[in-house]
Structures are given as structure tokens and as C-alpha cells.
Amino acid sequence: MSMADAASGPRGWPSGGFEAALWLLGGLLVAFIILPVVRLTTTASAASVRHAAAAGPVRDATLLSLQDAAIAAVAATVLGVPLAYLLAARRFPGRGLVQAVVDLPLAVPHTVAGIALLFTFGRAGWIGAPAGHLGVSFYGSQWGIVTAMLFVSAPFAVNSCRVAFEAIDPKLERAARSLGATPWLAFRRVTLPLAVRGVLTGAVLVYARSISEFGAVVILAYYPATAPVEIYNLFLQSGLTQSAAAAVVLLTVALATFLVLRTLASGRLLVRFDRAAY
Amino acid sequence: MSGSTVPPIEPGLMVRELAVRAGTFELRAVDLDVAAGRVLALLGPSGSGKTTLIEAIAGLRPARGGTVHLAGRNLTLLPPERRRIGVVFQDGALFPNLTVAENVRFGLRARGEAGTDRAGMLLRRLGLAQLADRSPRSLSGGEAQRVALARALAIQPRLLLLDEPLSALDQPAREELRGTLQELLAELAIPAVYVTHDRTEALTLGDDLAVMVNGSLRRTGTAREVAASPGDPAVARLLGWLELGRGTLSQGQVRIGQLTLTLPGPASDHRRADLFYRPEDVLIGPDNPQAVAAGCYAARVERIIPATPLAVISLAATPAVTVLLLHRQLKQLGLQEGARVNVVFPPEALHVIPLADPPEPQP
């Protein structure tokens with residue numbers, strides 16, 4: 001029996017009242033999210049959106065955001081998968097502490113994160129200074145943008161992968177080992193293919209979070225301007241109407257890529273991918 | 001590590017003083033021998049450490065001490081992938097992302113032996129050929145265990161470890177696969193360890209029997225020996241002996257409640273002992289039917305449970321006794337609840353387990 005069957009069942013008022021409350025409160029939240037988005041898209045005329053999309057600064061900023069968010073997603077996955085696997089499959093002292101550290105960026109205001117990153121990756125920072133000698137500057141560069149994006153969104157990659165790894169029966173790896181697979185082979189042929197959905201979902205979440213990041217990016221790398229920074233600049237310089245058109249451009253691009261990636265990560269297309277990974 | 005043991009020349013399994021810790025659970029100094037071509041049934045209740053022991057033998061759990069030799073080779077420090085030990089897990093542990101055939105070929109590919117047709121042969125031998133392209137998710141429990149067995153055998157293991165492979169199956173599937181296993185294990189020229197908590201499985205499939213309780217092996221021997229003479233209360237219970245009570249042996253006799261038993265063998269005076277009986281070997285009837293009896297007393301039939309294959313008769317007396325009867329006997333005797341019957345204990349129905357002597361009383 002499905003939840004809906006159970007709710008509309010013969011048990012009378014508690015089910016009816018409960019059902020109404022579920023729909024009312026749930027609907028309120030959906031409306032609250034969708035209303036500003038609809039208002040924004042109706043404010044900007046099609047012509048102004050086309051104009052904004054064609055304008056050099058908005059276009060460049062949007063492309064920069066897409067590119068750096070993608071780099072952040074790849075970096076978070078490459079670094080996040082091993083950590084997630086350790087957290088899921090190994091028991092070590094301080095494991096709880098490591099998990100808390102992973103979640104830290106979720107709890108820190110992003111402007112605070114930006115300032116902390118600036119102290120570390122800025123020109124005089126612990127990492128920024130030696131990197132500067134090697135010709136790498138984080139302050140006001142794409143390196144800085146990716147660093148800020150990675151910091152605020154890495155927890156999504158680690159947690160999504162960890163949940164996926166935890167859901168796998170540890171006996172499967174043991175079976176693989178007993179059959180002659182090295183730990184790496186067991187991971188590559190059994191564990192990773194079974195966790196691939198969680199890994200891709202994590203990457204998509206990192207991508208989405210990175211595209212929308214403003215606070216940490218604006219402090220560590222104000223220039224080159226990512227789309228959110230560019231929109232904020234337009235808002236300050238030209239006002240609400242001008243920034244609305246650019247905002248619609250970013251909204252459309254971000255939503256479209258997010259939906260495509262999310263469908264890929266959770267959809268049936270992966271059934272084949274699972275098998276291909278063997 | 002024990003330094004005094006010499007590796008055997010025979011191609012069997014030799015475990016010496018193996019100690020393993022799994023969380024708070026500890027396996028203490030286990031010794032185990034399984035000759036090639038023989039099946040050792042490792043019997044024990046849930047949580048007694050059976051799985052921990054075979055995981056340690058397979059190298060899936062680090063040993064804290066002791067050695068594992070297989071075919072004369074010391075495997076103790078080798079990782080699992082270099083031991084060539086086939087393991088069949090409780091619920092199959094098939095790789096759900098691979099097909100049946102890919103599961104069976106997994107070990108061959110991992111070992112770079114993918115060229116052989118061993119996988120196809122095993123699929124046919126175990127009646128799985130038509131399932132080769134199916135996903136493990138679509139298999140019944142019995143089919144999944146057959147695949148797990150084929151997968152473990154495909155690597156031509158030097159030892160086969162089976163961890164309760166039938167326990168997740170329903171009755172008909174269990175009986176069918178037990179038959180297959182019996183045939184297959186008889187064909188194999190390697191040692192095998194069969195872990196179970198079911199005495200019927202243990203006695204059906206095991207040539208030898210090792211009984212594990214609370215992390216240590218209480219009793220090992222041939223299946224027949226151990227079943228006939230368990231020698232330990234926990235082992236006796238696991239093998240279907242029932243407890244009669246505790247009494248003091250005096251001049252070859254022991255008294256428990258209203259029952260006085262004369263025990264065969266040399267009289268060991270004033271030793272306390274636990275007495276066990278086989279419920280299917282106890283006789284009941286309206287009169288005293290047998291001359292050769294260790295003891296007899298009168299009891300009231302309290303309850304008759306028409307279980308299969310044997311009926312269960314609960315008798316009220318001191319000590320209380322449960323008797324198993326063929327349904328034919330039940331009919332012949334015309335037993336009714338509330339009737340009074342004579343209960344006779346033949347000598348072979350009894351097993352005496354002496355207790356360690358109590359310490360001398362302190363003055």
C-alpha cells in the first residue's frame with residue numbers, strides 16, 4: 001500500500017486533517033521558493049535578457065562561473081571520494097572529529113570563510129605566500145575562485161559519497177578480496193561502481209553550490225568577476241532593473257545545467273554505466 | 001605465535017593457536033585440522049565466533065597470534081587475495097553490479113586466468129547456465145547461493161569456507177541445496193569448513209565436527225563421536241541432548257528427584273555430574289517394558305505436540321522430561337494428555353558429564 005492509499009484510507013478525520021496540513025504547509029514552502037523566481041523572470045523583458053546575455057561582461061562572468069564550478073566539482077570529487085571512503089569503511093581514532101571538520105564549511109558564514117581563506121591563500125598567507133613565489137596567485141585569480149568554491153561546497157561531495165559507500169555491504173569487498181582482488185581492484189570493480197550514483201550526485205551538488213557562491217568568492221577573488229559578483233556590481237551601479245536581466249541569464253543557465261546533470265546522476269542512464277565500469 | 005609446531009606435509013588445513021579480536025569479542029587460541037577431501041562442520045550458536053574464525057582463516061581479519069598453514073604453506077601473513085581460499089558468504093554476497101556469469105568469472109579475471117572455461121563449466125555443473133546473463137538481484141535465494149558457490153570454486157581454491165550458506169533460505173530451497181552441497185563436497189579433493197548453527201546440517205554435511213561456544217572450540221572429533229559423546233553441557237545441548245539435571249554419583253548410582261539411575265562403567269564415587277538424555281531414546285509405556293534400564297519412574301502426560309517428523313510429549317514429574325515419539329508409536333500407545341505412564345531410560349539414552357570437583361571447603 002502506498003503512503004497516499006494509507007492517508008486517504010477509512011480512518012476518518014485524523015487522516016483527513018493530517019493530509020490537509022501536509023499539503024498546506026508543503027505548498028506554502030514551494031510557493032515561497034517559486035514566487036521570487038517567477039517575479040524575477042517576469043520583471044525582465046525578453047529583449048533585456050537577450051541584451052544582457054549578449055553583453056560582454058555578463059557573458060564572460062557566466063562562462064567563468066560555469067567553468068570554475070565544473071573545476072570545483074571535479075576537484076571536490078577527486079579529493080572527496082578517498083576521504084568519504086575512509087569515513088565510511090574504516091574505524092580510526094578521531095573519525096568523529098574528521099567528520100565534524102568536513103561539515104565545518106556548512107556552519108561558517110561564507111563571508112567568514114572568505115576572510116579565513118584570504119588569510120591563508122592571500123598574498124601574505126600561509127599558502128598564498130609560498131605559492132606566490134612559484135608564480136601562483138590566489139588573490140584575484142581563477143585559482144582563488146575555485147579555492148573559495150571548493151571550500152564552501154566540498155562537504156556536499158564528501159557526505160554524498162560517504163552515504164553511498166556506507167550503503168554497500170562490506171561483505172562484497174571481502175568476497176572480492178577472497179577471489180583474488182587487491183584492495184584497489186576490489187574498490188574499482190565493486191565498491192566504486194556501486195557508489196557511482198552517490199559520487200555523481202555529490203559532484204552535481206558541488207557544482208550547484210559553487211555556481212551560486214558569492215560571499216567567499218567576492219572576498220578572496222573579487223576579480224575576475226563570477227556571475228554572482230557581476231550581478232552584484234550591476235545592482236550597485238545600475239540598479240534593480242539592469243541587474244534583473246543578468247540575474248535571469250544566470251538563473252536560466254544554472255538551472256538548466258543543474259537539471260541536466262541531476263538527471264544524468266540519478267537517472268536510468270546509469271544502469272548501463274554501472275556495468276560499463278566493470 | 002607458537003614456535004613449536006611443524007607444518008604438515010599433507011595438503012590439509014592446519015590452524016594453531018589462532019587468536020582474533022573483533023570489537024569486544026575475542027577468539028582464543030583455536031586449534032583446527034582439516035584433512036584434504038574432508039568437510040569439517042563448525043557448529044555453534046549465533047555470536048559464538050564461527051564467522052570471525054573463518055574470516056581469520058581467509059585473511060579477511062588480522063590474527064593477533066597463531067598460525068594458519070594450508071597444504072604445508074604458512075599463510076598467516078599473506079593478504080586474502082594471495083591465499084586462494086574460496087569463501088561462500090551467508091547471503092551469497094554477489095556483486096549486484098555484475099551479471100551471474102561476470103560474478104563467476106570475477107576471480108578468474110582478478111587472477112589473470114580469464115582464458116579458461118572453468119566459469120562456464122561450473123555454471124553448467126550447478127544448473128546455472130540459463131541464468132548467466134541475469135542480474136543477481138533477480139535470483140532466488142537458492143540460485144544466488146549456487147552462484148556464490150560457483151564463484152568460489154572458479155578460482156580452484158585450496159580450501160573452501162562456507163559461512164551458513166543455507167541459513168537465509170526457506171525450507172525446500174535449503175533441503176535442495178543441501179543435497180547439491182553434499183554431492184559437491186564429496187567430489188572435492190580439498191579441505192572444507194562448513195559453518196552452521198543447525199545440527200542437522202552439521203551432521204549431514206560434516207565428516208568431522210568442531211563445536212564452538214563463546215569464542216573457543218569446546219569439542220572436535222568425527223561427527224559420529226561428538227554426537228554420541230559431547231562431553232560438555234553446551235555441546236550436548238547444541239547436538240540435541242536435553243538436560244535431566246545435576247546429581248551426585250555414588251556407587252555407580254545417581255539420584256535426581258524421584259529418579260534413581262544406575263550408570264554403566266566404573267563407579268566414580270562422590271562426583272557431581274550433569275546428566276543429559278536423548279529425548280528420542282527414552283521409552284514410555286503403560287507398564288515396565290524393558291529389563292535393561294538405567295532407571296525408570298512414573299510420570300503424567302502433560303502435553304502432546306503433534307510436530308513432524310516426531311511427536312513431542314511433555315511429561316510432568318521430577319525431573320520433568322520431554323520424549324520424542326514416532327506418530328505410529330503415539331497411536332499404538334493410545335496416549336492422552338493427563339494419562340499416567342512409566343518412563344524408562346535405557347543406558348544409551350544417557351550421557352554423564354562430570355563436573356570439576358568443588359574446591360575443598362575452607363576451615
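This is a predicted model: local features need pLDDT of at least 70, side-chain atom pairs count only at pLDDT 80 or more; totals for chains, interfaces and linings use all residues.
Residues are numbered from 1 along each chain as its sequence is written, while chains are lettered from A and ligands numbered from 1 in the order in which they are written.

Now look at where the two domains of chain B meet. Domain 1 of chain B brings 6 residues to the contact and domain 2 of chain B brings 4 (two residues are in contact if their C-beta atoms, placed from the backbone, lie within 7 Å). On the domain 1 side there are 3 nonpolar, 2 polar and 1 charged residues. Here Ala, Val, Leu, Ile, Met, Phe, Trp, Tyr, Cys and Pro count as nonpolar, Asp, Glu, Lys and Arg as charged, and the others, Gly among them, as polar.

Next, select chain A and switch to a cartoon view. You will find 14 helices and 0 strands (DSSP runs numbered from the N terminus: H or I of at least four residues for helices, E of at least two for strands). Along its principal axes, the C-alpha trace of chain A spans about 65 × 65 × 35 Å. Of its 278 residues, 37% count as buried, which requires 20 or more other C-beta atoms within 10 Å of the residue's own, with C-beta atoms placed from the backbone.

Where they touch, 4 residues of domain 1 of chain A meet 4 residues of domain 2 of chain A, and the domain 1 side has 2 nonpolar, 2 polar and no charged residues.

Finally, show both chains together. How many residues does each chain give to the contact? Chain A gives 19 and chain B gives 20. On chain A, highlight α9 (170-178), α10 (183-211) and α14 (269-276), each of which supplies at least two residues of the side touching chain B. The largest share of that side, 7 residues, belongs to α9(A). Colour the side by class and you will see 10 nonpolar, 3 polar and 6 charged residues.

Conventions:
A residue is buried if 20 or more other C-beta atoms lie within 10 Å of its own, exposed if 12 or fewer, and partly exposed in between; C-beta atoms are placed from the backbone.
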